[in-house]
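Please examine the sequence and the structure shown below.

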Amino acid sequence: MKQFENSKRAFAEASEYMPGGVNSPVRAFKNVGGDPLFIERGKGAHIEDIDHNVFIDYVLSWGPLILGHADDQVVADLQAATAKGTSYGAPTELETELAKKIQSIVPSMEMMRMVSSGTEATMSAIRLARGYTHREKIVKFIGNYHGHSDSLLVDAGSGVATFNINTSPGVPKDLAYDTLTVPYNDVEGVKAVFEANGDDIACAIVEPIAGNMGVIPGTQEFLQTLRDVTTAHGSVLIFDEVMSGFRAAYHGAQSLYGITPDLTTLGKVVGGGLPVGVFGGRRDIMMNITPAGNVYHAGTLSGNPLAMTGGLSTLAQLNESLYAEMSAKTTRLVEGIKQAADAHNVPVTVHHVGTMWSYFFNAGPVNNFDDVQASDVAYFAKFYKQLLQQGIYTAPSQFETNFMSSKHTDDDIQATINGFNAAFDAVEN
Ligand code: PLP
């Protein structure tokens, strides 16, 4: 049996200083019970906690670490950048270099701005859409999560769903009132909300492949309808690819659907494990940002040289064939998980796109937030504890996505499938 005594002690101490003992809520393991693991180090696909237990890691810092932990090249590039200086608050060529690289991979981002988190990217994109259209209402989808800015914390996924909060206390009701929510993948709902409010809607923001209620791909018809109605009503379409960017596919979810949004937000992989977000898109819209235009945006650490280096060093190692490889590994893994569940007569639905994957204890189909909520979260909690005992670290909530990295080997995947089988054995017997 793995012991977690040091993590337990560290969590008790952390809880004296930080609310809930953490700096981001889902880390607290509330959904699965027990104490969170405190991590000592990571290398490749593996992490080690402060009790010296080693796990195969599919959380990967909630997505950013597509090259696994402490990739040699990324570490070397960061060390070299750090030796030069950590921040100047003045432009560096690294920012343009990263922008060029991003544009070459996601061509719809004609211009962009770097920020320090996905939350900042979506918050700024919403302000830009409102400033550009001179409208105030926005449309978002139930169970999608776009970070924790006020307008976007309405009917959100991720931790908001994990803790069963519809709209956080502290969000002014007028702002919540301007956020119109529609069920995900609901084509008629999209048409209806634009019919009723279209000329007041500044933008629609969507995760084209939802990842904050587990993985749920948007349907082609849903996303095309969204593109059509936003165009028809002069509203801005924002694809939030903070998670799906460089994850669902090399060129992002937008390349899988062949649909071009007006604005895109990125985060996670684009910083390679350092704090980076990006928002960008149509030149005529982006030129409204200060100082080119008058929609305000700023940041002391925006475009920080270390963060830019983390992104550049990571993106330099990505290419189509690596995605084909990682995607094949993900398919193999989720098929193995499905077989393990079937062999134990446990109803499960597995979803995966590119390097994103999740498992729902739910017979399916799972196409929206209501479907996800029908999953057996009590079973998930029991199962999760057994999975940890098997040395497998997946997201500690039914409402989150797991990830694959370039460093997971065939042996890691086989060990994970064996671990799932053993965890089912332990829960069922
Ligand atoms: N948008 C999406 C789709 C996300 O998945 C997340 C975070 O999980 C965010 C925005 C917020 O990003 P951050 O946590 O970096 O603020």
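The following paragraphs treat the domains, the core, the strands, the helices and the ligand surroundings in turn.

The model is predicted. According to the domain assignment, domain 1 comprises residues 5–70 + 319–428, and domain 2 comprises residues 72–315. The centres of domain 1 and domain 2, taken over C-alpha atoms, are separated by 25 Å. In the contact, 33 residues come from domain 1 and 34 residues from domain 2. On the side of domain 1 that touches domain 2, at least two residues each are supplied by helix H12 (320–343), strand E13 (349–353), strand E14 (356–360) and helix H13 (369–373). The largest share of that side, four residues, is contributed by E14. By class, the residues of the side of domain 1 that touches domain 2 comprise 17 nonpolar, 14 polar and two charged.

The next topic is the nonpolar core. The largest nonpolar core holds 117 residues, and Ala129, Cys203, Ala204, Val236, Ile238 and Val278 are the ones that touch the most other members. Because domain 1 (5–70 + 319–428) and domain 2 (72–315) both give residues to this core, it lies between them. Leaving aside residues up to four places away in sequence, Ala204 is in contact with Val139, Leu226, Thr230, Ser235, Leu237 and Ile238.

Val278, one of the core residues named above, also belongs to a covered face of strand E12.

An open sheet is formed by four strands in the order E1-E2-E3-E15, with mixed pairing. Strand E1 (39–43) and strand E15 (392–393) are the edge strands, each pairing on one side only. Strand E3 (residues 54–57) and E15 run parallel and are joined by two bridges; in E15, Tyr393 is the bridge partner of Asp57.

Helix H11 (residues 305–315) is mostly covered, with ten of its eleven residues buried. Among the buried residues of H11 are Leu306, Met308, Leu312 and Leu315. The cover over the buried residues of H11 includes helix H2 (72–84) and helix H3 (93–105). Helix H4 (residues 118–133) contains Tyr132. Tyr132 counts as buried because it has 23 C-beta neighbours inside 10 Å, where 20 or more are required. Not counting residues up to four places away in sequence, Tyr132 touches Val236, Ile285 and Asn288. Tyr132 and Asn288 lie 156 residues apart in sequence, yet their C-alpha atoms are 6.9 Å apart in space.

H4 also supplies the largest share of the shell around the ligand, namely three residues. Which residues are the closest to the ligand? Of the 17 residues that surround the ligand, the closest are Ser117, Gly118, Thr119, Gly147 and Val242. The shell around the ligand divides by class into four nonpolar, eleven polar and two charged residues.

Methods
Residues numbered from 1 in each chain as written. Predicted model: local features only at pLDDT ≥ 70, side-chain atom pairs only at ≥ 80, totals over all residues. Buried ≥ 20, exposed ≤ 12 C-beta atoms within 10 Å, placed from the backbone. Contact = placed C-beta atoms within 7 Å. Domains from an automatic or database assignment. Nonpolar A, V, L, I, M, F, W, Y, C, P; charged D, E, K, R; others polar. Near = placed C-beta within 6 Å. Core = buried A, V, L, I, M, F, W, Y, C linked by C-beta atoms within 7 Å. Pairing = 2+ DSSP bridges.
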